[in-house]
Amino acid sequence: MPEIRECIAHFLFLLWFHEYCLKNHLDLTLLGLWADAPDNNPGEKKLANGSVYRLQATSTAARGANRAQTPLWPPMWRKTASQDNDPPALNQLKLQGVSCTNRAIIMDMGELKFQLAYLTHTSIQIFTRSLWEGTVQSSLKKTRGYCIGIAFEFQTHFIAFVTLDQVFQPNWAKTLDDLPPPPADVYKKPYVKFLSIVADWIKSRTKSKRNGLACEVIRGPAGNKVWGGVGVYTVSEIFFIAGLSPFLLEQEVFDCPSRTARLCEALWSYAHKSYNELKTLMQPCIVQGVLAPTVKQRLGYKDWLHIYGKDLVLLSPRMAELHKKYKHSILVISTGTKTEFRDKLTQPIYDVFEPGFIQDALNESNKPTNLGPLIFGKEHWRNLGREVPQSDDPLTQMFCQRGLLETPTFLPEYDSLIPPKTDHRRLQRVKTKVYRIAGKGKQIWCITPAFPEKLQPFHHSSQTKNVSVEEVSQSNRAMMLFEHIVKKTNRVAIGPLEYCGNGSVIRTTHKGKLVSVDRCATRQDVISRQSSDASLRSLASISRSGDHGSLDGDSDSDFASEEEETHQISLSSGPRLWGFRQVPLDLSSSTDALPLDQESTPLSEFEHEPLPSSEPEPLPSSDFESLPSSDHESSSGIADSLCDSDSQPIRKRQKCTHLTSDRLLTQIGLQQQADDQSSSSSRPSRSSQATPKQYARMKRSYTKRK
């Protein structure tokens, strides 16, 4: 199931596309709806005949969870035999804005609103009309490698929700209030409102036994409405950020103000990083408008992970010291003779927590409310040089009413919130552990061992015991590593770049890029199909300057003429396609979900680079290294076939010093030879101008010294 970070990535991708269309005055009137038929529906399958098909106003096609399927066609606009008048046509709908929740995407289509919950394995792709008609529409879903759950047809582009198993939940409504209620939002809505929801949820759970693992409760049905978007790998990530053992029981976490506050701040920090930095991850992976990450780019997401799927974790010296003491305490108790209880230990076991992981959440400039006094205690918070707020937040009020404010924090004394600058050689490498709950298949990644039988949770309740877990063997753990899955298997891993509907990059002459959206298409098929597309001939020249990829001159791209009926995204000489500028977002100040109307949607906060020409690799940045471009890239046969003579600036041809069999260079060499010979009657001819073979570097001979 797509988790919070994946949902944010889909939202940013679609939001940029909407802004791009507005900037270039592209018509976003809805022209049609398309879908692939599921295999278990004979009638729909016969209608589709193995390919994606266009829905009609009489369509009854539905998708979703078992016994809760909802229609793809707007039910209020469906044509039935009992109607006297025809329902409104789809061309009365127009994409006016996008929004998201932690589980779904919302599209404002004017008179109607559309929401799609991703459920299991669904992502978003943007196809140009030529790519759709030339590849997607003409291919079978079996050979394509993915299904079109539902696609929105516009004049120049298609917004497609591509899926692996057709399990997603569409919903149409006339107003936003009629859509299914979203889970609590930790980032876009006021943080105080999220804390209030968490406080109410904790109070409602006090009547339960609360003897299950806190991490299981959060991502299970009991916590789905509050901790929406926290799934299998996100829960391991935020527990690591919060310094919590995943083997703590629900009561141990949510009856402790410090642990509860750390968990909330960890989730906020996780969402904050996603909203503000995901574009740097996705930007180089978008080719011709299609998300098409390479293996190297997919591996780049490993640096975003703290613990899940990683072999080793780097710890600061003070966190490594806490980890060492934690393991020693567990070992002493497990080898002892008597049973200890975690709530009555004479020497408490401190949580392995590094405050630097949540420093953005504790910064008042990012959000007005932070939970520092709850995390460290008011006195310790003052010793760290911070002020205690005058008014209490909802969590503090709830714990005060329950008389739990004086509960131990399970933290040592810290000298500072940010760890001292340390040479990277002093960072400690700690190997991760993987556990499974007995009888369940979900993975739990951590760096701390599970509690032994001689260390039980509560002394006053002999019936509440540790949840039984099993450690995964080293051989099986090696198969679960993120890097192994990406490199050694054909399976998808975790993260916003891991979907069956991703495209594949095809390299052309001189490291040019094309994209394939059909896994059975050959390289030559993709090159011939896209290079012959007439809509690629009219392109805008974009000059790029500056160390950070800033653009000079016109920021919009020219497209093919209207007579060609298609607007294909350009392949020329720019480093990126559909990129985002690094502009921080400020979504936390809104009181509701992101507005869906064009005037109020904060599209200006997403400054994007226009459709650039396609130089092989992105410009240098903190996350990605650039590859040197070819010296004669402007002479590429592909580039010349796609661009008009005035669409690219004339570059001075540099002498080629490496061996090449490029036909264009050979022809240039012959032409240059003829020109030189005609203009050199008054001077002797040079042997270096004899044949095109001289473009190759001369072979050197060496003699061995005696």
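This is a predicted model: local features need pLDDT of at least 70, side-chain atom pairs count only at pLDDT 80 or more; totals for chains, interfaces and linings use all residues.
Local features need pLDDT of at least 70 and side-chain atom pairs count only at pLDDT 80 or more, while totals for chains, interfaces and linings use all residues. Residues are numbered from 1 along each chain as its sequence is written, and side-chain values use heavy atoms, with hydrogens and water left out.

Start with the sheet of 5 strands. This sheet is open, its order is β2-β1-β9-β10-β8, and its pairing is antiparallel. Helices (H or I, at least four residues) and strands (E, at least two) are DSSP runs, numbered from the N terminus. Two strands pair if DSSP finds at least two bridges between them. The edges belong to β2 (53-54) and β8 (122-128); each has a single partner strand, so one side of each is left without a neighbour in the sheet. β8 runs antiparallel to β10 (residues 157-163), and 7 bridges join them. One of the bridge pairs sets I124 against F161 in β10.

Two helices pack on this sheet. α1 touches β8 and β10, and its direction makes about 25 degrees with that of β8. Contact here means heavy atoms within 4.5 Å. Axes are lines fitted to C-alpha atoms, for helices over the stretch in contact, and angles run from 0 to 180 degrees between N-to-C directions. Helix α3 (residues 129-136) touches β1 (32-35), β8, β9 (147-153) and β10; its direction makes about 105 degrees with that of β8.

Now the sheet of 3 strands. Its order is β18-β17-β20, it is open, and the pairing is antiparallel. β18 (443-446) and β20 (469-471) are the edge strands, each pairing on one side only. Neighbouring strands of this sheet are turned by 35 degrees against each other on average, direction ignored. β17 (residues 433-437) is joined to β18 by 4 bridges. V434 stands opposite W445 in β18.

Buried means under 20% relative accessible area, exposed over 50%, partly exposed in between (1.4 Å probe, protein chains only). Among the buried residues are Y233, E237, F239 and F240. The cover includes α1 (4-23), α6 (214-219), α9 (257-282), β14 (312-315), α11 (317-334) and β18. Just after α7, G243 takes a positive phi of about 70 degrees.

On a 1 Å grid over the protein atoms alone, a cavity is a set of points where a 1.4 Å probe fits but cannot get out; lining residues have an atom within 4 Å of a point. The structure holds 7 cavities of 30 Å³ or more. A volume is the space filled by probe spheres set on the points, and grid points are joined across faces, edges and corners. Of the 15 lining residues, F239, L244, S245, P246 and T448 are closest to the centre of the largest cavity. α7 and β18 are the elements that give two or more residues to its lining. α7 gives the most, with 3 residues.

Helix α11 holds L331. L331 is exposed, with a relative accessible area of 51%. L331 and P452 are 121 residues apart in sequence but 8.7 Å apart in space, C-alpha to C-alpha.

β21 (residues 504-507) and β22 (residues 513-516) pair in the antiparallel sense over 4 bridges. R507 has K513 in β22 as its bridge partner. Between the strands lie 5 residues, and H510 takes a positive phi near 60 degrees.

How values were computed
On a 1 Å grid over the protein atoms alone, a cavity is a set of points where a 1.4 Å probe fits but cannot get out, and a pocket is an open set with protein on both sides within 12 Å along at least five of seven lines; lining residues have an atom within 4 Å of a point.
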